[in-house]
Amino acid sequence: MKVSVVVPAYNEEQRIEGVLYPIYNNPIIDEIIVVDDGSTDKTSQVVRKYSVKLITLPQNNGKASAVKKGLSLCKGEIIVLLDADLIGLTANHIVELVMPISFAEAEMTIGVFKGGRVITDMAQKIAPNLSGQRAFNRSLINDILNMDTSGYSMEVALTKLIREKNISTKKIILSNISHVTKEEKLGLIKGTHWRFLMYKDIVKYWLS
Ligand SMILES: O=c1ccn([C@@H]2O[C@H](COP(=O)(O)OP(=O)(O)O)[C@@H](O)[C@H]2O)c(=O)[nH]1
Ligand SMILES: O=C(O)[C@@H](COP(=O)(O)O)O[C@H]1O[C@H](CO)[C@@H](O)[C@H](O)[C@H]1O
């Protein structure tokens, strides 16, 4: 089965190679689409060093719309979503996310960090359903594209969709992987502000 990987990226020039390098040119992956969500840094320039498809959006519209743009263009029968700021990603993590889908054990897998860093392990233990690392069957793509979601409400919208449509899921432990937190990327004040905006998107979606 063909595998597409979609990576939304906003101002990830310093981190995105940590995601592309381990997986580009890998025979298990047929297509990698990076959606540069209106970055103001050199994200696109860095991505162009790799043989992947790059979509550059003219302005920053938030993670959900970047992911949807990638989904609307990808061709795989199995689709993998990855954040652009992962630390310690390996091709094996992709295999672990994809296998249960290809063996029809689940329609969607949700990757949960373990053994990476305490801070991100803890966050994912508390809220595994917020994970941006997933694989799913193409049969779900129209439902996902039709979700009324914006900003950081992508994962919470997926959780709602899973419940409503009774989609079978499987949690996959991803070992020795982490991501760069907002505070690490942006500093304490700006990072906390973005975190607040993220939770606002999530709560707003739940209340809608
Ligand atoms: O407006 C945005 C904000 C984030 N992202 C991307 O969405 C993913 C998750 O975002 P972030 O790292 O901010 O979330 P966190 O993992 O810190 O919650 C990353 O690949 C970001 O580059 C995006 O495409 N557009
Ligand atoms: O793990 C979490 O609590 C949040 C916040 O991560 P940071 O510590 O701000 O990097 O990250 C996740 O949630 C976002 C909203 O659902 C997703 O978009 C991210 O992909 C995911 O990493």
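In which sense do strand β6 and β7 pair, parallel or antiparallel, and over how many bridges? In this predicted model, β6 (residues 108-114) and β7 pair in the antiparallel sense over three bridges. Met108 has Phe136 of β7 as its bridge partner. β7 also pairs with β4, again in the antiparallel sense, over four bridges. Here Ile78 stands opposite Asn137 in β7.

Strand β7 covers residues 134-137. Arg134 and Phe136 point one way from the strand, while Ala135 and Asn137 point the other way. All of these residues are buried.

## Strands β1, β2 and β3

β1 (3-9) and β2 (31-36) pair in the parallel sense over six bridges. Within this pairing, Val5 stands opposite Ile32 in β2. β2 is joined to β3 (53-56) by four bridges, and these two strands run parallel. Val35 stands opposite Ile55 in β3.

## Helix α3

Helix α3 spans residues 63-73. Its buried residues are Lys63, Ala64, Ala66, Val67, Lys68, Gly70 and Leu71. They pack against the strands β1, β2, β3 and β4 (78-81), and against the helices α6 (141-145) and α7.

Pro58 lies in the loop between β3 and α3. Is Pro58 buried or exposed? Pro58 has 6 other C-beta atoms within 10 Å and is exposed. The C-alpha atoms of Pro58 and Gly191 are separated by 23 Å, and the two residues are 133 residues apart along the chain.

## Helices α7 and α9

Helix α7 (154-165) has 12 residues and reaches 16 Å from its first C-alpha to its last, close to the 16 Å expected at 1.5 Å a residue. Met154, Glu155, Val156, Ala157 and Leu158 are buried in α7. The buried residues of this helix pack against α3 and α9. Just after α7, Asn166 takes a positive phi of about 55°.

Helix α9 (188-207) has 20 residues, which at 1.5 Å a residue should span 28 Å; the end C-alpha atoms are 28 Å apart, so the two values agree. Its buried residues are Asp201, Ile202 and Tyr205. Seen down the helix axis, these buried residues fall within an arc of 90°, so they line one face of α9. What covers them includes α7. The face turned away from the buried side carries the exposed residues Leu188, Ile189, Phe196, Tyr199, Val203, Trp206 and Leu207.

## Surroundings of ligand 1

Ligand 1 is surrounded by 17 residues, of which the closest are Pro8, Tyr10, Asp37, Asp83 and Ala84. The elements that give two or more residues to this shell are β1 and α3. By class, the shell divides into six nonpolar, five polar and six charged residues.

Which residues come nearest to ligand 2? Of the 16 residues around ligand 2, Leu130, Gly132, Glu155, Thr181 and Lys182 come nearest. Two or more residues of this shell are given by each of α5 (118-126), α7 and α9. The shell holds six nonpolar, five polar and five charged residues. Glu155 is also one of the buried residues of α7.

## Val180 and its loop

Val180 lies in the loop between β9 (178-179) and α8 (182-186). Val180 counts as partly exposed because 19 C-beta neighbours lie inside 10 Å, whereas a buried residue needs 20 or more. Leaving aside residues up to four places away in sequence, Val180 touches Arg15, Asp85, Ile87 and Lys185. Val180 and Lys160 are 20 residues apart in sequence, and their C-alpha atoms are 26 Å apart in space.

Definitions and conventions: Residues numbered from 1 in each chain as written. Chains lettered and ligands numbered in written order. Predicted model: local features only at pLDDT ≥ 70, side-chain atom pairs only at ≥ 80, totals over all residues. Near = placed C-beta within 6 Å. Nonpolar A, V, L, I, M, F, W, Y, C, P; charged D, E, K, R; others polar. Buried ≥ 20, exposed ≤ 12 C-beta atoms within 10 Å, placed from the backbone. Contact = placed C-beta atoms within 7 Å. Pairing = 2+ DSSP bridges. Expected span 1.5 Å × (residues − 1). Arc of directions from axis to C-beta.
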